[in-house]
Amino acid sequence: MVSFSVNKRRVNLDVDPSTPLLWALRENLGLTGTKYGCGIAQCGACTVHLNGEAIRSCVAPVSRAAGKEVTTIEGLSSDLSHPLQRAWIAEDVPQCGYCQSGQLMSAAVLLREKPQPTDEDIDEAMTGNICRCGTYPRIRKAIHRAAGMMAKGEAR
Amino acid sequence: MSGPQMERREFLKFSLAAGGGLLIGFSLPEADMLATAQAQSATVFMPNAFVRIGTDDRVTVIVNHSEMGQGVYTALPMLLAEELDADWNKVGFESAPVDPKYNHPVFGMQITGGSSSVWSAFEQFRKAGAAARAMLIAAAAQQWNANPATLRTDSGAVLDGTNRKLTYGQLAEAAAKMTPPTEVALKDPKTFKLIGKPVKRLDTSEKVNGKAVFGIDVKMPGMLAAVVARPPIFGATMKSFDDSRARSMPGVRKIVAVPSGVAVIADSFWQAKMARESLHIDWDDSAMHTFSTSQMMQQFREQAKSPGTRVRREGDPDTAFSQAAKKIEAVYEFPYLPHAMMEPLNCAVDLRADSCEIWTGTQFQTVDRANAAKIAGLPPEKVQIHTTYLGGGFGRRANPQSDFVVEAVHVAKAVGAPVKVVWTREDDMQGGWYRPAFLHAIAGGIDSSGNAVSWRSRLVGQSIFAGTMFESLMKGKEYDPASVEGVDDLPYAIPNLAVESHKADVKVPVQWWRSVGHSHTGFATECFIDELATLAQKDPYQFRRALLPKHPRHLAVLDLAAQKAGWGKPLSKGRGRGIAVHFAFESYNAQVAEVSVEDGKIRVHRIVSAVDCGHYVNPGIIAAQLEGGAIFGASAALFQELTFENGRLQQTNFHTFPMMRMNECPEIETHIVESNEKSGGIGEPGVPCTAPAIANAIFAATGKRIRKLPIRMTEAV
């Protein structure tokens, strides 16, 4: 049994502790917003927050989450109110959309740590997230836009 | 529409009519499309297959093309909503079921491909919206006892001269009783309110909160998970397998041989994957165990030394070449490439005695249904496909054999329970159906005044159509039109011109990959024309201009890209600019790339892309497709190849098959030519020019020519 919190909800999972957190989230908890892309921490589609840090859930055994707090895309906001979600909508970022959960979760940590990120900061924080559709230019714009919104106090 | 493209479409229709047994109707007959055959409940108005209006004013547009990022769930509803005069804020979408009603009006089957969704829907969806509007007006006229001709519509309501108003929701019930019109007038494009505007995508919200359902997310009660152990080498067959250890692993329900390999079915994906790793399978891999791509390319080079099948011939290219004042020969090489969509292949199947339901992200519903029905032992009508969101497609999810669907039906048959087959990234990358490797040998010459006088392209590569249901596209031809597209219609005014094609007999499964033949012909032709310009000591942009007197649309995008990129203006030290122009999928694209090379490392700083895609629908989506197309093209140009040694593919995942990432992504600027020409494609046309623009920019920066992809400065000449 592995116990942890997901999106502020307590969960107890009867699952092999070596199962990657990604599959525990997707298959045992039905949180399919977190995506499988590569299974080897190369693409970032599976990015979630573990105690506030961005991690690749495809290579993190679920046991690593024991007693900790996991946040997935479903917990970023309940109503699309996170400045990044609003900025993503304003810039029409997603194409196929498959990688975007991971992109947003990586960007959320970046903005918390660097509320006014430079392009170099964005490169550093986002280079682990692959987008095959090629939405990078819009992701960059949307991160700057979200930072602007937060600076103006338009969002929490 | 150009000749060759029209011909291709005709062939496609023919091929399906002749061979596939899949063809139900070439196009939607108006009467059928507007028939009352659609179920019309008392509270909901569904005047035709493409739209439903509820009493709550909601307008649902049923989209017969798959959403794989290219924006059809927004662009197609825009077409319908425009003529319906709908309130855009009340417009939603739904994916169409498989039904002849939803066949592509030109291709004669349900398919998303060929960058054709918008142009094929351009009238179809507008007419569907206009028909619904006419019935709503008729309903209002009846209610008000008014002459329909005196009524107008605006933003989801019918109004009369005194501004009396009934919303579409209020009229839905009554409208459902009206007779569908046999003919409808369409708006004058000058009055469009939605078409041509950068309307926000309708699918963004659910793609930023994790709610969007992709095939891999499908879950149904009692559903099991499966992975399949497939042959390590193409063409290998299974001799035997030992599952004694795997069988006893947690969650494993069944391990069974299926035609594509050994299926491991478990309660969860992870359990199935773990058990698969414990299987011992003895393969007979003798078919291709000595295959290597380096040897194959050597063979391609040999083949290219002799004349190939004639594709196009004008003037006397051989004499002109031998008499040219200056001449040059170049060999261009292209690797196999996987589509590598972010969402690996998957397919969920619920097979019952008299029905088969399939959930998957597919581009090829009609074909998948027919192929699935054969395996299920059911008539196609008993097979339904629920098209989910596609986590990228790029052509892979339109497989002529429906490989990932057929396999899942086999697994479902074997296990007797609803099951979802999921491919790992490694399975997906090693699973075949790649962009074929190609070689182009080009020879060209100029006269003493620097005019291009001869050009001969010889292509060697595998056919995509051969051996598939599309083989009849090659009827009467000894070559595959998908191999030579983009060079068979070379627009440059060169009096002596030959295009020849050699078949390659290789057993690696190949398929269309975003921009298909143009993905290599665009590079070879646009790099070689650049080499001719250098030979003539002329500016590569001006050299192209002079050779395009009869191609104003090529010229317009070329000029626009050059102008916006500041062609000819000074650049900072170490940088070079390269240009390319290409016609593909009914659209014209030109790109200028700005590049620097330091210590052999290439940096693409900026790409300016200009497109003429005819009458456009959503400039925001077009910009996104051009940005994405350039990044897709740049990824292939700079990083990507699949190589085989001893029959085995050397690349497995993103560590050995890199993608362009945020820190490598250039600044991308896009420009659209205003046009009233027929709508063209946008998903693919933005790809072909990127690699040659980068390669030509490298030449400008370093004096080195690139003749092999992916680009390596160590291989530059």
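Helix H8 of chain B (residues 293-303) lies across strands E14, E19, E20 (452-461) and E21 (496-503) of chain B and runs at about 35° to E19(B). Helices (H or I, at least four residues) and strands (E, at least two) are DSSP runs numbered from the N terminus; axes are lines fitted to C-alpha atoms, for helices over the stretch in contact, with angles from 0 to 180 degrees between N-to-C directions. Contact between two residues requires that their C-beta atoms, placed from the backbone, lie within 7 Å. The model is predicted: local features need pLDDT of at least 70 and side-chain atom pairs count only at pLDDT 80 or more, whereas totals for chains, interfaces and linings use all residues. Residues are numbered from 1 along each chain as its sequence is written, and chains are lettered from A and ligands numbered from 1 in the order in which they are written.

Helix H14 of chain B (residues 518-535) lies across E14, E19 and E20 of chain B, at about 155° to E14(B). In chain B, an open sheet of five strands has the order E13-E21-E20-E19-E14, with mixed pairing; two strands pair if DSSP finds at least two bridges between them. Strands E13 (309-314) and E14 (326-334) of chain B stand at the edges, each with a single partner strand, so one side of each has no neighbour in the sheet. The twist from one strand to the next averages 10°. E14(B) and E19(B) (residues 438-446) run antiparallel and are joined by nine bridges, and B:Lys326 stands opposite B:Ile446 in E19(B).

Elsewhere, helices H3 (residues 72-84) and H4 (residues 117-144) of chain B pack at an angle of about 35°, their axes 6 Å apart.
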